[in-house]
Amino acid sequence: MDILKYFLVFLHILGAAAIVGGWFATFKKPTVLPVQLYGAIAQLVTGLALVGIAGATHDPLNYGKIAVKLVIAVVVLVAAVIGYRKATSGAGVPKGLAHAVGGMGLINIAVATLWQ
C-alpha cells in the first residue's frame with residue numbers, strides 16, 4: 001500500500017507543478033494551458049485517492065485542512081475548465097481567470113505545506 005501512496009503523492013506534486021508552472025510560463029500574457037487543466041484534474045483525483053487511502057489505513061486526518069484543500073482544488077479545476085474552453089474557442093481568457101488558476105494552485109500548495 002505504501003508504494004501506491006507514494007506514487008499518488010508523486011502524481012499529486014506533479015499536478016501542482018503543472019498548474020503553477022503553466023501559470024509562471026504564461027504570466028506576462030495570461031492564458032490557461034492544457035497542462036494546467038490536466039494538472040487540476042490530477043490534483044483533485046490523486047488528492048481524493050490519498051484521503052481514501054489514509055482513511056482506509058486509519059492514518060490520522062485533519063478534516064479541516066482536507067476540506068479547505070478540496071474547496072480550493074474544485075475552484076482551480078472549474079477555473080481551468082472555463083479558461084481552457086475559452087482558449088480553445090479562440091476567445092481571450094480573462095486575466096483574472098488565468099491568474100486564478102495559478103494563484104489558487106499556489107495557495108493550495110501553501111495550505112498543504114504550511115498548515116500543520
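## Fold, cavity and pocket

Of the contacts in the protein chain with a separation of 6 or more, 77% are accounted for by residues 24 or more positions apart, where contact means heavy atoms within 4.5 Å. The model is predicted, so that local features need pLDDT of at least 70 and side-chain atom pairs count only at pLDDT 80 or more, while totals for chains, interfaces and linings use all residues. Residues are numbered from 1 along each chain as its sequence is written, and side-chain values use heavy atoms, with hydrogens and water left out.

The secondary structure consists of four helices and zero strands, in the order α-α-α-α along the sequence; helices (H or I, at least four residues) and strands (E, at least two) are DSSP runs, numbered from the N terminus. The radius of gyration is 15 Å, close to the 13 Å that the globule rule gives for 116 residues, so the protein chain is as compact as a globular protein of that length. That radius is taken over C-alpha atoms, and the rule is 2.2 Å times the number of residues to the power 0.38. Along its principal axes the C-alpha trace spans about 45 × 25 × 20 Å.

Of the 116 residues, 35% count as buried, that is, under 20% relative accessible area with a 1.4 Å probe, protein chains only. T26, in the loop between α1 (2-25) and α2, counts as buried at 12% relative accessibility; leaving aside neighbours within four places in sequence, T26 is in contact with T31 and L33.

On a 1 Å grid over the protein atoms alone, a cavity is a set of points where a 1.4 Å probe fits but cannot get out, and a pocket is an open set with protein on both sides within 12 Å along at least five of seven lines; lining residues have an atom within 4 Å of a point. A volume is the space filled by probe spheres set on the points, which are joined across faces, edges and corners.

| Space | Volume | Lining by class |
|---|---|---|
| Largest cavity | about 40 Å³ | four nonpolar, three polar, no charged |
| Largest pocket | about 730 Å³ | 15 nonpolar, six polar, four charged |

Here Ala, Val, Leu, Ile, Met, Phe, Trp, Tyr, Cys and Pro count as nonpolar, Asp, Glu, Lys and Arg as charged, and the others, Gly among them, as polar.

The largest cavity is lined by I19, A40, Q43, A73, V76, G105 and N108. Of the 25 residues that line the largest pocket, H12, G47, L50, V51 and K69 lie nearest its centre, and α2 gives the most to this lining, with seven residues.

Terms used: Buried < 20%, exposed > 50% of the residue type's maximum accessible area, 1.4 Å probe, protein only.
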